[in-house]
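Hi,

Here is the structure I promised to send you. Have a look at it first, and then read on for some notes about its charged side chains.

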Amino acid sequence: MIAVNKKIIYYLMVIFLISISCERDKGIAIFEYEKSAGVFILNEGNFTSGNSSLSFYEPALKKLSNDVFYNANGFPVGDALQSISFNDTTAYLCISNSAKVFVFNSRSFKHIKTIPNLVAPRYLKVINSEKAYISDLYSPYISIMNLKTNEISGSIRIGHSTENFVTYGDLLFVNSWSYNDKIYILNSNTDILLDSITVRKQPNSMVIDKNNKLWVLSDGGYDGSPYGQVNAALTKINVDNFSVEKIFEFKDIHNSPVKLCINPGADSLFFLSGGWGKNKDIEGGVFAFSIADESLPTKAFIKENNKNFYGLAIDPESSHIYCSDALDYLQSGYVYSFAPNGTAIDSFKVGIAPGGFGFLKTSR
Amino acid sequence: MNKLLKIGIFLIGIFGFFPRLYSQSITDSIFYIHEVQVYAKTALEERGLVKTHIDNSIIKTNSFSDLASILSNYSSLFIKSYGQGSLATVSFRGTAASHTRVDWNGINLNNPMPGQVDFSLIPMFIVDEISLYHGGSSLYEGSGALGGSVYLKSMPKWDRKLYGSLNQSVGSFGSYNTSMDLGGGKQDFQMRLRVYRESSKNDFEFFNTKNGEFNNQIQKNANYKKSGFLNEIHLRKAKNNVFSLYTWWQLAERNFAPLMSMSQSRKSESQKDDDLRFSFIWKKYGNKLKLETNLGLSYSGILYHSADTTFNSLVVPHYDSQSDIISYNAKNKLEYKFNSDFILRNILDFSFSDVSNYDRVWQTGYEETRAVLGNTLSIHKYFNQNFSAFALLRTELSDWGTIPLMPSFGIDLKLDEDEDIYLKFNLSRNYHLPSLNDLYWLPGGNSDLKPEEGYSGDMSFDFDKQVNEFFGVHTSFTAFYSIIDNWILWRPGDFSYWTAENIKKVRSQGFEYKLKTNYQTETLKFQGLINYSYTRSTNLEDSDDVGETIGKQLIYVPVNKLNAFFKMNLRKNSISYNYGFTGKRYTTSSNEEQRGALPAYGLHSLTFGKEIAVKDIKLNFNFKVKNLLNTDYEAVLDRAMPGRSLGLNCKITF
C-alpha cells in the first residue's frame with residue numbers, strides 16, 4: 001500500500017514539475033498588429049538608464065500601442081534611442097548610447113539582427129537596396145552597412161561627428177553639429193567625401209525644399225561653450241553650387257531652435273524654438289516659416305505654453321504635425337497631433353522623453 | 001575671499017591656542033573601551049539628538065568591508081550602489097546623496113564638486129568608530145547635512161605597548177584583500193600604521209535580459225584595486241593633553257562596467273582617485289573645559305576616462321577629465337561645563353577648497369574656490385534629573401554669500417522613574433549650499449542658484465533595559481518630518497544640455513525603528529539587531545509644473561527598508577546571519593508601475609567564524625557566503641549585480 005502511494009506521489013510530482021516548466025515566459029504579451037499606416041514614436045529614456053522604448057500610433061484608428069519592441073521581443077530597446085529608418089518591410093533603430101543598431105520587421109516588430117560595436121550611431125540612411133550609411137556622434141567615421149547581409153562593410157572618414165542625411169540625386173548632405181559648423185557633401189555612389197559647406201555654428205537639422213534649396217537650422221552653441229556662442233540661424237543653400245544664398249538670424253542669442261521639418265508640399269518649414277534654463281521668457285512652441293518668407297516668425301504657430309516640446313515631425317502623407325512633450329524627462333511623455341492649420345487632433349501618452357518619430361506606410 | 005581666509009585663521013588661532021592650565025584626570029573618551037553594555041549612557045551635550053552609534057564589535061569583525069555595506073546592513077540608511085567597487089551613495093530619510101555629510105577625524109570627505117561622497121572609496125579597515133546623526137541632529141557638528149551626517153573616527157590604543165594584525169582575505173570573482181596593522185608605544189606616545197591593498201577582477205556571471213541574447217555573461221571591465229595606508233602619531237604631553245597627527249593616503253583605480261543593454265559595445269569607462277589627507281587634532285580636557293582643535297589638509301585628484309573603440313581600433317574618447325581638489329579646514333570645539341547640569345558648547349569652523357577640473361574632449365572646466373566660516377553655539381541644560389533641553393544656533397558665512405541662521409532645539413525627557421524610557425524631540429532649520437558643479441559646470445551650471453533649505457523635526461522613544469546580568473535590550477522608534485525647499489535638480493533643456501535649477505520642494509516623513517538585543521554568558525554570546533525604516537519622500541511642488549509628480553515618491557527612494565543581523569558566539573566559534581530588504585523603487589517621477597519600477601528584493605548572508613588562540617597570538621578565520629540564495633536583483637536600472645559569492649579571511653592578531 002505504502003509503495004503504491006509513493007509511486008503515485010512520484011508521478012504527480014513529475015507531472016507537476018513538467019507543467020510548471022512549460023509556463024509561458026512572463027513579460028511577453030501577445031501583440032496583435034493591424035495593418036494600418038502608423039507613426040513610430042521613439043522614446044529616448046534617461047541617459048545611462050537603458051529605458052528607451054518604442055511606441056506605435058495608428059492615426060486612422062486613433063490607436064496607440066506602447067513598448068511595441070519589448071512586447072514583441074522580450075528585451076528592451078536600450079539606451080538613448082535616437083532614430084528609425086525604413087527599407088521595405090525592414091526597419092532600423094539607431095540606439096545611440098547602446099552603441100548598436102537593431103534591424104527589425106516593421107510589421108511584426110520582431111527583432112532580426114543587432115549590429116553591435118558601433119560607437120554612438122545616430123541616423124541610418126538607406127542609399128539603395130544594397131547599402132545604407134550610419135552617422136555617429138563620437139566616431140569620426142560614417143559606417144557603411146550592407147543591407148543584404150545586415151553587416152558593416154566599410155566606412156568613410158569624415159573627421160568629425162555626424163548627424164542626419166539629406167539626399168539630392170547622387171549627393172548626400174550630412175550635418176555635423178558637435179563643436180562644428182559644417183555640412184559635409186558625399187557622393188553616395190562612390191562613398192567619397194567631396195566637399196563641405198560652412199554654416200552657423202552647430203547645425204542640428206536640415207531639409208530640402210521644392211526648389212531644391214537646402215535649409216539648415218543651427219543653434220549657435222551654448223552660453224559658456226569653449227566653441228563659442230553666436231546667434232542661431234536658418235541658412236538657405238543652393239545645392240547645385242553649394243553656395244549660401246541667405247542667412248536668417250534669430251535675434252535672441254539664448255534662442256536654441258531645433259528639429260527643422262518640412263511639409264509634404266516642401267514649401268513650409270517648421271521647427272521647435274523656445275528658451276530653456278534661464279531663458280524661459282522666449283515664447284516656446286512650434287514655429288512655421290514659408291520658404292517665400294522674408295523674415296523669421298516671431299510668434300509660435302503652435303504655442304508650447306507650459307509644456308516642454310522635445311520632438312517634432314510632419315507626416316509625409318497626411319501633413320499632420322506631431323510634437324512631443326517630455327515633461328520633466330523622468331516620466332512618460334505625451335505626443336500631440338495637429339492638422340496642417342494648427343488644429344489639435346489627438347494627444348496620447350507614450351514612453352519617457354519622446355524625441356523622434358518615424359512614419360510607416362502600408363503601401364511600402 | 002582673502003579677507004575671509006585671514007579672519008578665519010585669526011579666529012582659530014585665538015580660540016585654539018588660548019593657554020589655560022588644568023591638571024585634572026583624563027576623561028574616558030581617550031581610551032578605547034570594549035563595549036560590554038547594550039548601549040552607553042548619553043552625555044548631557046548629546047541629549048535630545050537622534051544619534052546612531054554602530055557597535056564597535058561590528059566594526060571590528062567587518063574590517064574587510066567598505067563603509068557602504070556596513071551602513072546598509074547595520075543602520076537605517078539607504079545605499080544606492082552601482083555595483084561592487086562602483087559608486088555607492090548614501091541617503092538619510094529619502095533625501096539626496098549630497099544631503100549626507102561625511103567627516104573623518106575632523107576632515108569633511110564630501111567632494112565639493114558634486115557635493116556627495118563615494119562610500120565605496122572608504123575602507124572599513126581604517127575606521128574604528130562610526131556615529132550617525134539623523135536629520136536636524138547633524139547641526140550638532142556641522143551644517144549642510146539636510147539628511148544627516150556620518151562621523152568616522154580612527155583612534156589609537158593607549159593601553160598597548162605593541163600590537164598588530166595581519167589579514168588576508170580571498171573571495172569570489174578574483175577578490176583579494178591584504179592588510180596589516182601595527183601599533184604601539186608608551187604612556188605618552190603611540191604610533192599606529194595600517195596598510196591595505198584590495199583588488200578584484202569582479203568578473204561575476206549574470207544572466208543578461210537586456211540585450212536580446214538571453215544568456216549568461218561574464219561581467220567585463222568592472223575590475224578595481226585600492227591601496228592605501230593610515231599612519232597615526234599621538235603625543236600625550238600631560239594626562240589631559242593629546243596631540244594627534246593622522247596621515248591617510250589612498251589610490252583607487254576602478255573600471256566601470258557598461259549597462260547590461262550595452263554589452264555588445266567596446267565601451268570603456270574608468271576612474272582613478274588619488275587622495276591624501278592630513279589631520280591634526282589637539283585635545284585638552286579639564287574638569288570644566290574641554291578644548292579640541294582640528295586642522296586638516298587634503299588633496300584629491302580624480303582622473304576620469306570614458307571612450308569607445310571603433311571597428312578599426314581607433315579609440316574615440318567621450319570624456320577625459322582631470323579634477324584637483326585641495327582643501328584646508330580648521331575647527332575649534334569648546335565645551336564648558338558650568339556644573340554637571342549646564343554645558344555651553346561652541347564650534348568655530350573654517351573650511352576652504354580650491355577646485356579645478358578640465359575635460360580634454362569637451363574643452364570645458366572650471367577653477368573655483370569655496371570658503372565657509374561658521375560658528376555653532378549651543379547650550380545644554382538639565383532642568384531636573386529627568387528633563388533636559390538644548391538650544392543651538394549656527395551662523396555661517398561663505399564666499400558665495402551669507403546663509404540664513406540655522407537654529408535647532410530639542411528636549412529629552414525621562415518618562416519613568418525606574419526604567420530607562422526616554423522621549424526626545426528635536427526641531428531645526430538647515431541649509432545646504434549648491435555644490436560647485438551646480439554653480440559652475442559647463443554647460444548648464446547656474447550661478448544664480450539659491451541654497452537648499454530644510455526644516456525638520458523628529459520625535460523619538462528610546463527604551464533600554466538590562467534585564468539581568470546576561471540579557472539586555474534596546475529599542476528606539478523615531479518619527480521624522482521634514483520639508484526641503486529649493487531642492488536643486490538638473491534637467492535636460494533643449495538639445496540635450498542639462499541645467500541646474502532650484503526646482504523642487506520635497507516632504508520627507510516616516511519613521512526609523514531599531515531593536516538591539518544582547519545576551520551574554522561565559523561561553524555563549526548572542527547579538528541581534530533589526531533596523532526598519534519607512535520613508536515617504538514625495539514631491540510637494542515642482543516649479544516646472546510637470547505632469548503627475550506631485551505627491552509621488554522620489555525616484556530610487558524605497559518606502560520600506562529593513563535589515564536584520566543575528567550573531568551567536570559559542571566559545572571560540574561564531575555564526576552570523578545578515579538579511580537586507582530593499583522595497584520597491586520607482587525610476588519615474590510619476591511612479592509608473594509599468595515603466596521602470598524596480599521590484600523589492602531581499603539578500604541573505606551567512607558567516608562562520610572560528611578563533612584559535614596560541615599563547616598571545618589569536619588566529620581568526622571567517623568564511624562568508626554573500627547573497628546566499630543567489631537572488632537576482634536590480635539596484636540601479638540596467639546594471640548587473642553578482643549572485644552568490646564566497647569569501648574567506650584569515651586574521652592573525654597579537
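One definition before we start: a residue counts as buried when its relative accessible area is under 20%, and as exposed when that area is over 50%, with partly exposed in between. Please also keep in mind that this is a predicted model.

With that cut-off, take Asp103(B): its relative accessibility is 2%, so this residue is buried. Its salt-bridge partner is Arg101(B), and the closest N and O atoms of the two are 3.0 Å apart.

Why do such pairs form at all? Side chains of opposite charge can pair when their charged atoms come close. Over all chains, the count comes to 40 salt bridges. Here are some others from chain B.

Arg47(B) and Asp412(B) form a salt bridge through their side chains, with 3.5 Å from N to O. Where do the two residues sit? Arg47(B) is in the loop between helix H1 (2–16) and strand E1 (51–53) of chain B, while Asp412(B) belongs to strand E21 (residues 401–414), so the bridge ties together parts that lie 365 residues apart in sequence. Are these partners buried or exposed? Arg47(B) is buried, at 6% relative accessibility, and Asp412(B) is buried too, at 4%.

Next comes the pair Glu129(B) and Lys153(B), whose side chains meet in a salt bridge of 3.8 Å, N to O. This one links distant parts of the chain as well: Glu129(B) is in strand E6 (residues 129–134) and Lys153(B) in strand E7 (residues 148–153), 24 residues apart. Glu129(B) has a relative accessibility of 17% and therefore counts as buried, whereas Lys153(B), at 38%, is partly exposed.

Some salt bridges also share partners. In this way Glu45(B), Glu141(B), Lys290(B), Lys331(B), Lys333(B), Glu335(B) and Arg345(B) are joined into one network.

You will find Glu335(B) in strand E17 (residues 315–339) of chain B, and at 11% relative accessibility it is buried. Which residues does Glu335(B) touch, leaving out those up to four places away in sequence? They are Glu45(B), Tyr140(B), Lys288(B), Leu289(B), Lys290(B), Leu344(B) and Arg345(B). With Arg345(B), there is also a polar contact of 3.1 Å between the side chains.

Enjoy exploring, and send me any questions.

Best wishes

Note on methods: Residues are numbered from 1 along each chain as its sequence is written. Chains are lettered from A and ligands numbered from 1 in the order in which they are written. This is a predicted model: local features need pLDDT of at least 70, side-chain atom pairs count only at pLDDT 80 or more; totals for chains, interfaces and linings use all residues. Side-chain values use heavy atoms; hydrogens and water are left out. A salt bridge is a side-chain nitrogen of Lys or Arg within 4 Å of a carboxyl oxygen of Asp or Glu. Helices (H or I, at least four residues) and strands (E, at least two) are DSSP runs, numbered from the N terminus. Buried means under 20% relative accessible area, exposed over 50%, partly exposed in between (1.4 Å probe, protein chains only). A polar contact is a pair of N or O atoms within 3.5 Å; within protein, one must be able to donate a hydrogen and the other to accept it, and residues adjacent in sequence count only if both atoms are side-chain atoms. Contact means heavy atoms within 4.5 Å.
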